[in-house]
Amino acid sequence: MNILHFDGGKRKDFITYGCVLLDEDRNVIYKTNGKIQSSLSSNVAEYTALITGLAVALQKGMTNLVVYGDSQLVINQMLGLYRAKAKNMKACAVIANSLVDDFEKIEFHWIPRKDNEIADRETR
């Protein structure tokens with residue numbers, strides 16, 4: 001299965017996100033990063049990275065995906081263990097879940113920040 005690592009982070013004056021798609025042999029297929037307005041939360045940045053990665057995976061014809069992130073909140077919301085309560089988080093969750101519906105098989109796994117370095121590098 002293909003792999004997606006995603007991450008979001010708060011920097012001094014802005015919020016960043018990054019995601020990396022890997023093939024089954026862990027070769028980088030795609031990576032990207034960006035900034036969002038500083039008034040938004042780092043959780044929105046996490047979702048932005050996830051949504052970007054999911055959309056690109058679908059554009060590249062990937063139907064099976066393992067997703068890794070270090071945001072317990074986002075991973076647990078995607079697993080249905082937590083509800084999105086904040087208005088902007090609900091909107092992000094709806095978009096992410098609509099993309100998830102297009103995959104044949106998708107798995108979500110929380111990993112510690114130290115194990116998510118590949119995506120964290122994109123947020124700098």
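Author: Rings of Phe, Tyr and Trp (its six-membered ring) are taken to pair if their centres lie within 6.5 Å, with planes under 30 degrees apart called stacked, over 60 edge-to-face and the rest tilted. By this rule there are 0 aromatic pairs. The model is a predicted one, in which local features need pLDDT of at least 70 and side-chain atom pairs pLDDT 80 or more, while totals for chains, interfaces and linings use all residues. Residues are numbered from 1 along each chain as its sequence is written, and side-chain values use heavy atoms, without hydrogens and water.

A charge sits over a ring if NZ of Lys or CZ of Arg is within 6 Å of the ring centre and within 35 degrees of the ring normal. Lys35 lies in this way over the face of Phe14, 4.3 Å from the ring centre.

Helices (H or I, at least four residues) and strands (E, at least two) are DSSP runs numbered from the N terminus, and two strands pair if DSSP finds at least two bridges between them. The open sheet has 5 strands in the order β3-β2-β1-β4-β5, with mixed pairing. Its edge strands, β3 and β5 (105–110), each pair on one side only.

Strands β2 (residues 15–22) and β3 (residues 28–36) run antiparallel and are joined by 8 bridges. Gly18 stands opposite Asn33 in β3, and Val20 opposite Lys31. Their hairpin has 5 residues between the strands, and Arg26 there takes a positive phi near 70°.

Leu58 belongs to helix α1 (residues 42–59). Since buried means under 20% relative accessible area and exposed over 50% (1.4 Å probe, protein chains only), Leu58 counts as partly exposed because its relative accessibility is 23%.
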